[in-house]
Structure formats: structure tokens, C-alpha cells
Amino acid sequence: MATAGAAGPSRRQQILTVAAQLFARRGFHGVSIADLGAAVGISGPALYRHFPGKEALLTELLVGISEHLLAGGRGIAAGSGDPSEVLAALVRFHADFALREPELIVVQDRDLASLPPAEQHRVRQLQRTYVEIWVRTLRRVHPALAAEAARTAAHGAFGLLNSTPHAGSREPEVAALLGRMALAALTGLTPTAAG
């Protein structure tokens with residue numbers, strides 16, 4: 001999510017990384033402030049110097065990764081005139097995310113409902129905007145494809161790419177294989193095949 005400087009990750013980033021791992025393993029409600037503090041080598045109450053509570057940690061994780069995906073998608077979509085190249089770049093970008101951040105995929109799937117309603121709405125809004133980048137790109141690659149079919153295809157590709165936490169390996173070859181599969185499915189769409 002955030003890149004570390006030459007001196008290594010900040011304490012705040014370390015807490016976020018550990019929180020993602022613990023939330024993915026035990027669920028948001030299965031992790032206490034004391035657990036988080038112990039995992040990063042500080043007391044639970046000392047954690048409050050960095051975050052007001054667990055909910056704030058979860059919010060930063062899920063909003064942060066949604067903002068990262070949207071910014072990356074926008075950058076890719078603005079970078080090339082060839083829609084097929086844009087689609088391939090979007091698939092590579094998302095596959096790389098899924099390889100690097102499998103814990104966040106698990107946390108998003110399981111614990112989004114633990115966010116307060118306003119933050120849930122924000123995450124969903126960011127995600128919908130990211131999906132629409134894919135929809136526009138798919139419709140440029142396949143001009144006869146209906147918007148709803150393109151949206152369904154994008155979500156299907158996300159399902160495939162986001163399966164990396166369940167693939168049993170964090171090897172780049174896994175992400176590359178899933179990326180090739182997603183790209184083959186998306187480039188092979190026809191209006192009749194997609195709905």
C-alpha cells in the first residue's frame with residue numbers, strides 16, 4: 001500500500017501491515033488492540049498514538065487500497081490510446097495488487113461490513129469508479145458490448161484475479177497465470193457470449 005523509505009517502514013505502516021495480516025487470519029472481530037500492539041512490539045494503549053481504534057485501522061486499510069486501485073486504474077487509462085493495451089495493463093496492475101496484497105482481499109471480502117456506514121459507502125463508491133474504468137475500456141475493445149455485460153465481465157475478472165489468496169502461493173507465476181486467464185477471457189468476449 002505505502003512504500004517504505006530507505007530506513008524501512010514507519011511504525012504507522014508497520015501497524016497497518018500487521019493489522020491486515022491479523023484481520024485476514026482471524027477476522028476483524030477476532031483481533032484485539034492488545035493483539036495488534038503485541039504483534040508490532042508495543043503496548044495496546046500505545047497503539048492509540050497512531051490510530052484512534054481498530055475501526056480507524058480497518059477504514060485506512062480498505063479506503064487506502066480502494067484509492068490506490070482507482071488512482072492506478074486512472075493512470076493506466078490515461079496512458080495509452082490503444083484500448084487493448086490499456087486492458088492488458090489494467091489486468092497486469094490488478095494481478096500485481098492481488099499478489100502483493102492478498103490479506104487486503106480477504107479483509108475486504110469478510111470485514112467491509114464492520115466499517116461504519118459512511119466509510120462503507122466511500123469504499124463502495126471508490127470501487128464502483130474503478131470498475132467503470134474497466135467497463136469503458138472493455139467497451140472500447142468490444143464496441144458492441146453492452147455496459148452491463150462489460151460490468152459483469154469486469155467483476156468476473158476481479159473474481160479470478162482476487163483468487164490469489166486462495167491459490168496457496170504468492171509466487172509471481174501465479175499472478176501471471178491468473179492474469180493471462182483473465183485477459184484471455186476479456187479479449188475473447190463477444191456480445192452474444194457476454195449476454
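Q: What describes the packing of helix 3 and helix 5 in this predicted model?
A: Helix 3 (residues 54-79) and helix 5 (residues 102-111) pack with their axes 11 Å apart and at an angle of about 110 degrees. Axes are lines fitted to C-alpha atoms, for helices over the stretch in contact, and angles run from 0 to 180 degrees between N-to-C directions. Helices are DSSP runs of H or I with at least four residues, numbered from the N terminus.

Q: Why is helix 3 called roughly perpendicular to helix 5?
A: The angle between them is about 110 degrees. Angles of 65 to 115 degrees count as roughly perpendicular (under 35 roughly parallel, over 145 roughly antiparallel, the rest oblique), so helix 3 is roughly perpendicular to helix 5.

Q: On what basis is the model read, and which atoms count?
A: The model is predicted, with local features needing pLDDT of at least 70 and side-chain atom pairs counting only at pLDDT 80 or more, while totals for chains, interfaces and linings use all residues. Residues are numbered from 1 along each chain as its sequence is written, and side-chain values use heavy atoms, with hydrogens and water left out.

Q: How many aromatic pairs does the structure hold, and what makes a pair?
A: The structure holds 4 aromatic pairs. Rings of Phe, Tyr and Trp (its six-membered ring) pair if their centres lie within 6.5 Å; planes under 30 degrees apart count as stacked, over 60 as edge-to-face and the rest as tilted.

Q: Why is the pair of Y130 and F158 called stacked?
A: The ring centres of Y130 and F158 are 5.6 Å apart and the planes stand at 15 degrees, so the pair is stacked. Y130 lies in helix 6 (residues 117-141) and F158 in helix 7 (residues 147-161), so the pair ties together parts that are 28 residues apart in sequence.

Q: What makes the pair of W134 and F158 edge-to-face?
A: The planes of W134 and F158 are at 75 degrees, with 4.9 Å centre to centre. Y130, W134 and F158 form one aromatic cluster.

Q: How do you know whether P143 is buried or exposed?
A: P143 has 66% relative accessibility and therefore counts as exposed. P143 lies in the loop between helix 6 and helix 7.

How values were computed. Helix = DSSP H or I, 4+ residues; strand = E, 2+ residues; numbered from the N terminus. Buried < 20%, exposed > 50% of the residue type's maximum accessible area, 1.4 Å probe, protein only.
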